[in-house]
Amino acid sequence: MIRFDILSIFPEMFESPFSSSLIKKALDRHIIDVRLHDIRGYAVDKHRMTDDYPYGGGGGMVMKVEPVARALDDIVSEESDCRVILMTPQGEPFSQKIAEDLARCNHIVIICGHYEGIDERISENLVDREISIGDYVLTGGELPAMILVDAISRLVPNVLGNNESALFDTFATGLLEYPQYTRPQEYRTWTVPEVLLSGDHKKINQWRRKKSLERTLMKRPDLLEKAPLSEEDMRLLEEIRKETE
Ligand SMILES: C[S@@+](CC[C@H](N)C(=O)[O-])C[C@H]1O[C@@H](n2cnc3c(N)ncnc32)[C@H](O)[C@@H]1O
């Protein structure tokens, strides 16, 4: 069981994405637990202010330190193995590797920023990790938080129908996944590769490995530099290079 606590000024944004598909099933089966916290509920003044003008001037508003710090005081218990993550475009780029690391924790707290971001004293004092979902800027941290919850949850045992399927996913092996086909065997004139119909699992696995290498070479050659490759993989890559010359 993994528990996510999400701090946001718009917690209602999470209702729809978490109310269908595999994440809903995982919540219903108590394999994951998602708790939403409205940062406004931790505001210290009677107007429930969660943002204020930036010191030093400039446009936009900055989320205040006190409500977020008070929410964290409430949620983060000292005994639990808890990671506090701030969603920010300035963080380390999110990856399958980070999702795998975080899937081993049992408690993850995610802070969603808005406006110009959150008072820097939060990341300086209360955050374990800053994560970005890519080199672009969104209006808030809610969509990035949903991406984290989804990518981490599908690695938690029993969330996916078939636990094996995550093992061969794109990035999990360091390569892009091989192509997949399902029925019908022929549509218009488009057919399924013969080998997949052969029932010969050794041949099917060899074909899949070669396709995985081939599409990584074509679409993401940068991944090949770090991927753990066997001598057989190197031989296959040589073969692919010759075939595509
Ligand atoms: C408009 S952004 C703030 C950007 C900030 N002024 C900057 O330039 O770094 C508001 C909030 O959206 C979230 N956010 C925006 N883009 C993101 C990204 N690529 N990855 C993760 N979070 C992001 C963060 O929580 C951020 O605090």
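In this predicted model, the centres of domain 1 and domain 2, taken over C-alpha atoms, are separated by 37 Å. Domain 1 covers residues 2-161 of the chain, and domain 2 covers residues 170-243.

Two helices, α6 and α8, were examined as a pair. Two packed helices are described by the angle between their axes and the distance between the axes. Helix α6 is formed by residues 201-219 and helix α8 by residues 231-243. Their axes come within 10 Å and cross at roughly 60°. An angle counts as roughly parallel under 35 degrees, as roughly perpendicular from 65 to 115 and as roughly antiparallel over 145, with the rest counted as oblique; α6 and α8 are therefore oblique to each other. The crossing in which α6 passes α8 is right-handed. On the α6 side, the contact is made by Arg209, Lys210, Leu213, Glu214 and Leu217. On the α8 side, Asp233, Leu236, Leu237 and Ile240 take part. Sorted by class, this contact of α6 with α8 has five nonpolar and four charged residues, and no polar ones.

The shell around the ligand is made up of 20 residues. Of these, Met87, Pro89, Gly113, Gly141 and Pro144 come nearest to the ligand. Strand β5, which spans residues 82-93, supplies the largest share of the shell, with four residues. By class, the shell has nine nonpolar residues, 10 polar residues and one charged residue.

Two features of the backbone were also noted. The peptide bond that joins Arg183 and Pro184 is cis, with omega at about 5°. Pro184 is placed in the loop between α5 (142-153) and β8 (186-187). The other feature concerns Ser21, a residue other than glycine with a positive phi, near 60°. Ser21 is placed in helix α1, which consists of residues 21-28.

Technical notes:
Residues numbered from 1 in each chain as written. Predicted model: local features only at pLDDT ≥ 70, side-chain atom pairs only at ≥ 80, totals over all residues. Near = placed C-beta within 6 Å. Nonpolar A, V, L, I, M, F, W, Y, C, P; charged D, E, K, R; others polar. Axes fitted to C-alpha atoms, helices over the stretch in contact; angles between N-to-C directions. Left-handed = near helix turned anticlockwise from the far one by under 90°. Contact = placed C-beta atoms within 7 Å. Domains from an automatic or database assignment.
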